[in-house]
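Visitor: I'd like a close look at one part of this thing, the charged pairs. Could you walk me through them?

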Amino acid sequence: MKVLIVEDEPLAAERLEDLILQYESHIEILAKLESVEDTVNWLNSHPAPDLAFFDIQLADGLSFRIFDQVKFESPIIFTTAFDEYAIRAFQVNSIDYLLKPLEYEDLADALDKYAKLFINANVSKDIPSLETLQALMQSFQKPQKFKKRFVVKKGEHLVSVPVEETLYFYSEDKFTFLRMLEGQRYIIDFTLAELENQLNPEKFFRVNRQYLIAHEALQDIISYTHSRLKVRLKFSEDKNIVVSKQKVAEFKGWLEGE
């Protein structure tokens, strides 16, 4: 089986690949793509995969935009932190829909479902009914609980750190760091994609692929070229933290508490 992965978070893409190969080591990963543009270009120049994993929210927009630009008939398993896209996902060849952070058992169930639908010719290939999708959505309607603390390593000791004392999270050299109100930083065992699903979106915003910030982290906001913004963060020497054009309106709404 030949599989395509579309995921804009490198660590999340690596984790997904590891889980797929854990399920079946002979599966061939054709490519790991990070954007709508890259995916459209790849699909226009390569044979279709047997199966694709699409993250719904990519750096340059929703992956649904891919289907407006290229004909794609391969089955898809969507991955996302937000269940609001479930119904739409099933309208474009989707055979399953997985919420992040991904767990092996859920992935294995989705691949089992793919095998039954598309490898076993005796089983129907019908997309699930609207009633099935509505039941699925109902199962997601549980009060969301956001993470309150992180356990970090401080020397030889483990320390519990409250989320409200966190300024921002950022990725660097394949690690994810947590920056505290007083400037301390710690390595944590989460990707930024996983953190997005575990933190209160009223408090934290993903400004780009590298930074997930709290309101208190902002030191300055600067107008930048092509309707983009630059932000300066406390205790950070990075002067090139850019809010992409696609996220500027959402970022301003977050600042205003919308």
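Visitor: Let's start with K100: is it buried or exposed, and what is its relative accessible area?

Guide: K100 is buried, with a relative accessible area of 9% (buried is under 20%, exposed over 50%, partly exposed in between, with a 1.4 Å probe and protein chains only). Mind that this is a predicted model: local features need pLDDT of at least 70, side-chain atom pairs 80 or more, while totals for chains, interfaces and linings use all residues. Numbering runs from 1 along each chain, and side-chain values use heavy atoms, without hydrogens or water.

The side chain of K100 meets that of E7 in a salt bridge, 2.8 Å from N to O (Lys or Arg side-chain nitrogen within 4 Å of an Asp or Glu carboxyl oxygen). K100 sits in the loop between β7 and α5 and E7 in the loop between β1 and α1, so the pair ties together parts 93 residues apart in sequence (DSSP runs: helices H or I, at least four residues; strands E, at least two). E7 is buried too, at 5%.

The structure holds 11 salt bridges, among them R206 with E196, at 2.7 Å from N to O. R206 lies in strand β13 and E196 in helix α7, so that pair ties together parts 10 residues apart. R206 is buried at 8%, whereas E196 is partly exposed at 27%.

Then there's E216 with K203, at 3.2 Å from N to O. E216 is in the loop between β14 and β15 and K203 in the loop between α7 and β13, 13 residues apart. E216 is partly exposed at 36%, while K203 is buried at 18%.
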